[in-house]
Amino acid sequence: MPTANAPRITGANAAYRTVMVPMLPFAAIIVRCMTDLTAPAASLTPQRRRSGTHPAARGQETAIGRKKRARRINRTLAAVFPDARAELDYTTPLELLVATVLSAQTTDVRVNQVTPELFARFPTPEAYASASQTDIEEIIRPTGFYRAKAANLIGLGQKLVTDFGGEVPTALDDLVTLPGVGRKTAHVVRGNAFDMPGLTVDTHFQRLVHRLALTEETDPVAIEHAIAALVEKKEWTMFSHRIIFLGRRVCHARTPACGACPLRFDCPSFGAGPTGPAEAAARVTGPERSHILAFAGVGE
Ligand code: SF4
């Protein structure tokens, strides 16, 4: 019951209380959503830090700090390498599987040189299953280890026919039963041909996650699990591609281009290679070179 001193609720006031007040919680939700939409994008790698002061370089990084840095590195690399992808040429899961088996101990460029003829001559698992060893060897010889690889391709075709109905399986446990197929190859096929997230731990990936101090693990499976705990699952396949792109173009095994690296202020190993912008820029390679240098703020 209203008291004598209470303001009288009449006219516009009454309308406000009966119509607007019940809607206030919904209005708050709408404002919150609009705020989220207009908030700045998630942060990228900082562009300023004194050399040697990175917490990870001094063993002072927390677990949550490492996870945040891994995700920031992924976002930065997504901006630097928007076209990161598997660099093997293929059009079907079988072609990707074969190309990845051939890529062991050689470059993707060399594999891409032999696969057009190989794929044309052997378009199905049945064709590999009944192929002559010497016919395959002749075609894949430039990729090295061609005798073992040819035997693997024939065995792979036979197993696909006998165990999997002539289809490339999608399960990791099934893929690794194929000759010449390990966990790395299985993840490449699952991630790229079937859009199933997976981390590809190859030599570039191992070197880079150690330089970036994202894990101390040395066994490839342990590395895979350690990085999987840092990076969002939906990002696993692309994170692998981006890290491998960086390893091929900037963070070379022998002399990394630290002074022109887009991650240099997020990397505890900054200084493993030349830090002078001009000297480092000369070591950056690949078709994205000018974009990488611009992103790193290094002019030529
Ligand atoms: S190039 Fe240098 S700064 Fe960049 S990731 Fe490699 S070691 Fe770190």
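This is a predicted model: local features need pLDDT of at least 70, side-chain atom pairs count only at pLDDT 80 or more; totals for chains, interfaces and linings use all residues.
1. The buried positions in α3 are Arg-69, Ala-70, Ile-73, Thr-76, Leu-77 and Val-80. Seen down the helix axis, these buried residues fall within an arc of 130°, so they line one face of α3.

2. Helix α3 runs over residues 63-80, and at 1.5 Å a residue its 18 residues should span 26 Å; the end C-alpha atoms lie 26 Å apart, which agrees.

3. The protein has 15 helices and zero strands. Of its 300 residues, 35% count as buried. Among contacts with a separation of 6 or more, 60% join residues 24 or more positions apart.

4. Buried in α8 are Lys-149, Ala-150, Asn-152, Leu-153, Ile-154, Leu-156, Gly-157 and Leu-160. The cover over these residues includes α4 (93-102), α6 (125-129) and α7 (133-140). Just after α8 comes Gly-165, which takes a positive phi of about 60°.

5. Now to the ligand. Which residues come nearest to the ligand? Of the 15 residues around the ligand, Cys-251, Pro-256, Cys-258, Cys-261 and Cys-267 do.

6. In an unreviewed entry, UniProt places the feature "binding site" at Cys-251, Cys-258, Cys-261 and Cys-267. They span 17 residues in sequence, yet no two of their C-alpha atoms are more than 11.0 Å apart, so they gather at one spot. These four cysteines are also among the residues that come nearest to the ligand.

7. Two of these cysteines can be described in detail. Is Cys-251 buried or exposed? Cys-251 has 25 other C-beta atoms within 10 Å, and because 20 or more make a residue buried, Cys-251 is buried. Cys-251 sits in the loop between α13 and α14. Leaving aside neighbours within four places in sequence, Cys-251 is in contact with Leu-208, Arg-211, Leu-246, Pro-256 and Cys-261.

8. Cys-258 is likewise placed in the loop between α13 and α14. With 25 C-beta neighbours inside 10 Å, Cys-258 counts as buried. Beyond neighbours within four places in sequence, the contacts of Cys-258 are Arg-264, Phe-270, Gly-271, Ala-272, Gly-273, Pro-274, Thr-275 and Ala-280.

9. Finally, a glycine in that loop. Gly-276 lies between α13 (236-249) and α14 (277-281). Why does Gly-276 count as exposed? Gly-276 has 12 C-beta neighbours inside 10 Å, and 12 or fewer is the cut-off for an exposed residue. The C-alpha atoms of Gly-276 and Ala-260 are separated by 8.0 Å, although the two residues are 16 residues apart along the chain.

Definitions and conventions: Residues are numbered from 1 along each chain as its sequence is written. Helices (H or I, at least four residues) and strands (E, at least two) are DSSP runs, numbered from the N terminus. A residue is near a molecule or strand if its C-beta atom, placed from the backbone, lies within 6 Å of it. UniProt positions are given in the numbering used here, feature names are shortened, and annotations may be inferred rather than shown by experiment. Two residues are in contact if their C-beta atoms, placed from the backbone, lie within 7 Å. The expected span of a helix is 1.5 Å times one less than its number of residues. The arc is that of the directions from the helix axis to the C-beta atoms.
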